[in-house]
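We will go stop by stop, with something to select at each one.

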Amino acid sequence: MASAGVNSGASAQQEDDAGDQSSEKIMSSNGGEAAAENQSVSKRQRKKLLKQQKWEEERELRKQRRKERKQQRRLERHNHHQEDEGGEAQTVRKRPRREVIPSSLRLVVDCSFDNLMLIKDIRKLHKQIQRCYAENRRALHPAQFYLTSLGGQLKQSMDEKDKGWVNWKDITLKTEHYSEVVAKDELVYLTSDSPNVLEELDDKKAYVIGGLVDHNHHKGITFERAKELGISHAQLPLSSFVKMNSRKVLAVNHVFEIILAYLEKGSWKEAFFTVLPQRKGAVAVDQHGTTIHENEEENSDSNSDPDTPDHTEKRA
């Protein structure tokens with residue numbers, strides 16, 4: 001019996017020790033989880049949390065600063081307005097705007113040559129007309145712009161390539177021939193084949209430009225058309241001021257722009273050299289038809305001393 005009691009007491013003691021060890025393991029496990037949780041928050045995350053906390057704390061301060069800046073801007077606008085009324089504000093420098101004065105002169109592009117051109121030339125004409133329109137819109141003295149006999153391949157090209165042309169402003173678009181739009185006694189056809197030289201522009205006249213890109217396949221056709229209709233014709237005074245390497249036939253937009261330049265500058269010479277492209281090789285000439293450059297060289301040679309060493313060296 002005694003031994004049984006001893007064994008029972010020992011068993012109880014072992015159970016108590018096992019319980020204590022189990023409790024210690026549980027406490028150790030909970031402490032490890034807390035440590036692991038603390039370690040899971042990185043240094044960067046802690047900084048981010050602190051920054052967010054600071055941002056929330058300063059919300060009211062930022063709101064107050066925005067309000068102060070808004071009040072300051074309102075006060076500055078009020079003071080600036082008062083200075084304007086009192087004439088004390090400095091004037092704002094603006095880009096000087098030229099005063100546009102429309103001309104009563106009419107420029108007509110004759111588009112009745114549609115059947116004489118290939119589609120590639122039709123497209124070139126289309127681009128030239130676009131250029132005429134753009135230059136006239138920005139000109140100091142814009143002309144009254146007319147497009148006549150508009151139809152066929154040209155209209156098709158315009159519809160396909162530039163659908164906005166139907167909204168063009170300050171231009172008269174006509175499907176009729178120019179002779180049905182303007183009185184014949186007011187018409188002057190501009191053609192390089194005419195024997196008449198245009199000295200001045202008449203604001204009461206309508207100057208017709210042949211809308212033809214043909215690479216000289218139909219030479220003289222605009223002159224013949226003008227004679228058939230019995231209307232006046234003339235050529236620009238190109239030869240009086242300019243000597244060119246190429247033929248005197250100019251693109252539609254070049255003729256158009258030269259006339260606009262003349263309306264602004266009042267000088268054919270300035271108008272020609274403002275517009276003519278470099279590929280034309282345009283050189284200024286004097287009243288005798290001699291190029292200015294050649295004339296200067298002749299004068300330089302005649303004024304030089306033939307006995308000077310430099311001249312003798314050149315001659316050798």
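Select Ser149 to begin: this residue is buried, with a relative accessible area of 16% (buried means under 20% relative accessible area, exposed over 50%, and partly exposed in between, using a 1.4 Å probe and protein chains only). Ser149 sits in the loop between β2 (144-148) and α5; helices are DSSP runs of H or I with at least four residues, strands are runs of E with at least two, and both are numbered from the N terminus. Check its backbone too: phi of Ser149 is near 55°, a positive value in a residue other than glycine. Most residues other than glycine have a negative phi.

Now jump to Asp170, in the loop between α5 and β3 (171-173). Asp170 also has a positive phi, about 55°, although it is not a glycine. Is Asp170 buried or exposed? At 59% relative accessibility, Asp170 counts as exposed.

**A word on the model**

This is a predicted model, in which local features need pLDDT of at least 70 and side-chain atom pairs count only at pLDDT 80 or more, while totals for chains, interfaces and linings use all residues. Residues are numbered from 1 along each chain as its sequence is written, and side-chain values use heavy atoms, with hydrogens and water left out.

Colour by pLDDT, the predictor's confidence in each residue, from 0 to 100. The chain has a mean pLDDT of 78, and 68% of its residues reach 70 or more. Select residues 1-12: the pLDDT there is below 50, and beyond near neighbours in sequence this stretch has zero contacts in the model (a contact means heavy atoms within 4.5 Å). Residues 292-316 also have pLDDT below 50, with twelve contacts beyond near neighbours in sequence.

Zoom out for a moment. The chain has eleven helices and eight strands, and buried residues make up 32% of its 316 residues.

**Helix pairs**

Select α4 (residues 119-138) and α5 (residues 152-161). Their axes are 9 Å apart and the packing angle is about 65°; axes are lines fitted to C-alpha atoms, for helices over the stretch in contact, and angles run from 0 to 180 degrees between N-to-C directions. The two are therefore roughly perpendicular (angles under 35 degrees count as roughly parallel, over 145 as roughly antiparallel, 65 to 115 as roughly perpendicular and the rest as oblique). Show side chains: Ile119, Ile122, Arg123, Leu125, His126 and Ile129 of α4 meet Gln153, Leu154, Ser157, Met158 and Lys161 of α5.

What is the angle between the axes of α4 and α8? They cross at roughly 15° and come within 8 Å, so α4 and α8 are roughly parallel. On the α4 side, look for Leu125, Gln128, Arg131, Cys132, Glu135 and Asn136; facing them in α8 are Val252, Asn253, Phe256, Glu257 and Leu260.
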